[in-house]
Amino acid sequence: MTRKFISIICAAATLTAIADEKILFDFEDYSVGDKVAMRDYYSEDGSTASKAEITNDPTGKPGKVLHVKNASWNTLAELNLTGVTAEDIADGYGLIAFDLYRPNTETDHYRQFRCGIGDEYLHNVDNEFVFQGETGKWVSRTYPINPVNTTSDKFYIGFNSIDMEYYLDNIRIISTESDYDMTNPEETLRHHADKCGIGFGCAVPAWNDDVVDDNNIAAQTIYSNFNIIVGENQMKPAYLQPEKGKFSWWDADRLVGLAERHGMEIRGHTLVWHSQTLPWVTSDGYKNDKGNGGKGYTRDELLKIMKDHITTVMTRYKGKIREWDVVNECLDDDQSIVYSQPSKYNMRKSVWYNVIGEDFLDSAFVYAHRADPEAILYINDYGADFKGDAKTEAYYNLVKRLLKSNIPVHGVGFQCHLGLGVDAAKFENNVKRYADLGVEVSLTELDITTWEAGNYEQHIRQGEDYKALMDVALKHDHIRNFVVWGVTDDKSWRSPDPLLFNSEYKPKYAFFALRNTLEAWANEHAAGIEETISDKNQATSPFVNVYDITGRLVKHGLERGQINSLEPGLYIIDRKKILIR
Ligand code: XIL
């Protein structure tokens, strides 16, 4: 009874499952009233006050379930495994899951769950009392399982308690080994991201020779799944201009080549930064100690150095790079200033700031705009992702200041180096206000660390976090790119396990969580187009739905007479492409 892609209802969110699942017990082949044995592990004669029997679903839904009234410690329901052996369970199935219903009379939420085969524990939470979810409704619980080494066909499951009543259904095991066929576009992330019209990207690890070989799995994984790439290090000032006036294009060119061969866009990262910056300007990003025999450069000299670097790099890649992180991480970490002066911000005391002043920022954007007027120019920073954090507010203040000064800033990058438990609502509350400033927004370096390497339960939570951020990105049209900082966990600059693929390029839970999200979004919006196509009356209807060319709904129910008031661009209206000038 193997099912692919069935739904697990997780405690917090509904997410489509990703892996093979085997149902062990759904109780449909029992009869209502059947008694199920309870095993009391410490009772000498096997007797127990605990009782279990098959009943109808307590919420009135069709189907049978197991009803347990626990009245003794260490007592679990005893079921006979059929069709599945202990060996099967040990082989690749890393999780046990089940649906749990507890009546409203249950008030103690923290309960200890156990299950096992024969005398071996599949899952043992000794001394660990876990929140079992709300009462009065079905919730789904998932636990990692230990491999067992037994031939027993007796399966035990339940809560260790002297006073607990609960119902169980759909006891199942879930495979933690998963794969996809990257030669089938439908199974890749890129295919669905393209349909959603979102830039879905990754940082390409530096010095990775593999990415120049299109048959190498690293390159294949990248061009099959992403439509925009960024060099993890290849375009940083230290690598592009290691010596004054001597540029080294080797790795940056290879990155551009990969993108060109596979129709991916490119983010350029980065032109002005304190870290990995021109080593002949500063020894540490802060001290002005490399020019003039260690005495440093003057303001005018440093402005020229900045201008020459920006101009040379952007000119070489003009028309090839969609967008540049012009200035990276220019804010100080301490932004407590916003508590007393809410419209202020503190600049990082980098060599650029120290020698040139805050206007190094303004100049950098102006030089960049002159070098390639078509490029989208980004400011980029970290720790400014969630509304309410001091640095987040400072970043917003800084962007407003730049725009007020008419500086050509077109995009605001949020690095999003995060850990499990992402507050997507706070992220949304932060980034949505940038739409009113007329700039686009991107998640530029997203990674989400877990707490412990190889913990599949945490990979599931991580997938939910990735999904929640993607939901936000798809919801707002001014969010342009969703870029993850690397490909495989083992090559990430962070740990543990922050990315979408494991070291063998196998997709992790987050991969499927994102793919499902993108696919569902694209389907919903493609359905919008089909509606238009099948609705023969549409052409005469006084209202129209307006889609962009990727099928993304731009305006719902626009008065036909207002079509010309749309922003210039290409739209799909009444099944036809319409160019508004
Ligand atoms: C990191 C790279 O991932 C590492 O390989 C390198 O050693 C250091 O830089 N913010 C940024 C990125 O803007 O450029 C950084 O990338 C991560 C933090």
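Is Phe-200 buried or exposed? Phe-200 is buried, with a relative accessible area of 0%; buried means under 20%, exposed over 50% and partly exposed in between, for a 1.4 Å probe and protein chains only. The model is predicted: local features need pLDDT of at least 70, side-chain atom pairs count only at pLDDT 80 or more, and totals for chains, interfaces and linings use all residues. Residues are numbered from 1 along each chain as its sequence is written, and side-chain values use heavy atoms, without hydrogens and water.

Aromatic contacts were then examined. Rings of Phe, Tyr and Trp (its six-membered ring) pair if their centres lie within 6.5 Å; planes under 30 degrees apart are stacked, over 60 edge-to-face and the rest tilted. This rule gives 27 aromatic pairs. Phe-200 and Phe-482 form a stacked pair, with 6.0 Å between centres and 20 degrees between planes. The pair links distant parts of the chain, 282 residues apart. Phe-200 lies in strand β18 (residues 199-204) and Phe-482 in strand β26 (residues 479-484); strands are DSSP runs of E, at least two residues, numbered from the N terminus. Phe-482 is buried too, at 0% relative accessibility.

Phe-247 and Trp-249 are also stacked, at 5.2 Å centre to centre and 5 degrees between the planes. Phe-247 is partly exposed at 23%, whereas Trp-249 is buried at 16%. One aromatic cluster is formed by Phe-98, Phe-113, Tyr-143, Phe-159 and Tyr-166.

Charges also sit over rings (NZ of Lys or CZ of Arg within 6 Å of the ring centre and within 35 degrees of the ring normal). Arg-39 lies over the face of Tyr-41, 4.2 Å from the ring centre. Arg-433 lies over the face of Tyr-396, at 4.1 Å.

Key. Helix = DSSP H or I, 4+ residues; strand = E, 2+ residues; numbered from the N terminus.
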